[in-house]
Amino acid sequence: MGSSVVRKVGVGLIGCGNISSIYLKNAASAFDNFEILALADLIPERAAARAAEFSIPKACTVEQLLRDPAIEVVLNLTIPVAHFAVTKAALEAGKHVYLEKPLSITLAEGEQLAALAKTKGLLVGGAPDTFLGAGIQTCVKLINDGWIGKPVGATAAMVSGGHEGWHPDPAFYYQTGGGPMFDMGPYYLTALVALLGPAASVAGMTATTWEKRLITSAPKKGTMMDVEVPTHVTGLISFASGAIATVVMTFDVKGGSTQVPLEIWGTEGSLQVPDPNTFGGPVLFRRAGEPKWSEVPLLFGRSENSRGLGLSDLIASLSQNRAPRAGVDLTLHVLELMQGFHVSSNTGRRYRMRHKCRRPTLS
Ligand SMILES: NC(=O)c1ccc[n+]([C@@H]2O[C@H](COP(=O)([O-])OP(=O)(O)OC[C@H]3O[C@@H](n4cnc5c(N)ncnc54)[C@H](O)[C@@H]3O)[C@@H](O)[C@H]2O)c1
């Protein structure tokens, strides 16, 4: 007889900033296979404040957290430029790692992390995990079941004026490792790979519209930021399946709109995929000859903000003898895609993908 008691794996969270609260909330209420035992941050007061807020037993230094034998998995929620060093240190300390996107800010660093994890026999996985939510999982099933026929093309667009109007500390979005592609691209590209499979090559064109930008959000309102990265990126992806996608990621557009963030076009019909920065719907479908789109009921659970779903899946994979769905092959593939757009723009040539990944299986 099996036991219904799920073993809670000990998790240590590093990086107690903006996004940490939804992970802490969901860890306490939405997932039963892990428990956050300790918090650490470069700024100790942040770890202490979050520990008090979410009744976490320990706030400590990064070094103390990595030495804690009760912690099997590190949840790395630091800023992108710190992802590599923190993930590397955690792997060297013998911990599995799940981290926020992107895997790292350069492909070379991402490759090092993947290689180190393999050598150590440890798992690395990472955000986004929105593709495991009800909306995109429903779209994946509809494609698998042949609703749109053969997927031919797709369009993905994130049109925004940037983050300086709301984020309390937005400078990192404009520094090396930031920009709209590295910040928002992971949601769209991970969804595209989940929907259409791995990419074969990409082409990109990029622009930096402003060299400096003004923070308009508290508490740094009035501060100017230097812009180190392209802030308007347009590209094409050729998938191994033969489908071709157009992608636009921008922080430079005021008053623009895209009616649909992600649309997949097929030989028999098309799908309007929900915003890939969310877990729910709506999923809209139109068959050949139908005048209107119709909403398809969601076929899976997890339509609310379920950040941590990929971490929970990675932890489940440890005892299920399978690869995690949001695993390092997927995050490395997406990192290579993002870098590929910029390399292609700089060289004026198409970039051919070196890192393969499998299309993640349905939940
Ligand atoms: N803010 C969002 O809405 C959002 C949404 C999805 C994903 N993300 C991702 O989450 C990550 C964190 O974003 P955020 O908005 O929470 O940033 P943030 O700046 O609010 O928080 C990051 C925290 O990490 C700490 N930190 C930085 N380097 C560290 C290091 N070496 N060791 C220990 N702590 C360190 C900082 O002191 C800070 O408290 C980023 O990768 C971002 O792309 C953010």
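## Exercises on a predicted model

The axes of helix α7 (residues 179-196) and helix α9 (residues 328-347) come within 9 Å and cross at roughly 120°. Axes are lines fitted to C-alpha atoms, for helices over the stretch in contact, and angles run from 0 to 180 degrees between N-to-C directions. Helices (H or I, at least four residues) and strands (E, at least two) are DSSP runs, numbered from the N terminus.

This is a predicted model: local features need pLDDT of at least 70, side-chain atom pairs count only at pLDDT 80 or more, and totals for chains, interfaces and linings use all residues. Residues are numbered from 1 along each chain as its sequence is written.

**Exercise 1.** Classify the packing of α7 against α9 and list the residues that make the contact.

*Solution.*
- Step 1: angles under 35 degrees count as roughly parallel, over 145 as roughly antiparallel, 65 to 115 as roughly perpendicular and the rest as oblique. The axes of α7 and α9 cross at roughly 120°, and α7 and α9 are therefore oblique to each other.
- Step 2: the crossing of α7 past α9 is right-handed. A crossing is left-handed if the near helix is turned anticlockwise from the far one by less than a right angle, and right-handed if clockwise.
- Step 3: from α7 the contact takes Met181, Phe182, Gly185, Pro186, Leu189, Thr190 and Val193, and from α9 Leu330, His333, Val334, Leu337, Met338 and Phe341. Two residues are in contact if their C-beta atoms, placed from the backbone, lie within 7 Å.
- Step 4: these residues divide into 10 nonpolar, three polar and no charged. Ala, Val, Leu, Ile, Met, Phe, Trp, Tyr, Cys and Pro count as nonpolar, Asp, Glu, Lys and Arg as charged, and the others, Gly among them, as polar.

**Exercise 2.** Give the strand order of the open six-stranded sheet and name its edge strands.

*Solution.*
- Step 1: the order is β3-β2-β1-β4-β5-β6, with parallel pairing. Two strands pair if DSSP finds at least two bridges between them.
- Step 2: β3 (58-60) and β6 (124-126) are the edge strands, as each pairs on one side only.
- Step 3: from one strand to the next, the twist averages 25°.
- Step 4: six bridges link β1 (residues 9-14) and β2 (residues 34-40) in the parallel sense. Within β2, Ile36 stands opposite Val11.

**Exercise 3.** Describe how domain 1 meets domain 2.

*Solution.*
- Step 1: domain 1 is 9-126 and domain 2 is 131-289 + 296-302 + 325-352; the bounds come from an automatic or database domain assignment.
- Step 2: the centres of the two domains, taken over C-alpha atoms, are separated by 25 Å.
- Step 3: 18 residues of domain 1 contact 18 residues of domain 2.
- Step 4: on the side of domain 1 that touches domain 2, α4 (80-92), α5 (107-120) and β6 each supply at least two residues. α5 gives the most, with four residues.
- Step 5: that side of domain 1 divides into 11 nonpolar, six polar and one charged.

**Exercise 4.** Which strands pair with β7, and in which sense?

*Solution.*
- Step 1: β7 (residues 151-159) runs antiparallel to β13 (residues 262-266), joined by five bridges. Ala154 stands opposite Ile264 in β13.
- Step 2: β7 also pairs with β12 (residues 244-250), in the parallel sense over seven bridges. Val248 in β12 is the bridge partner of Ala157.
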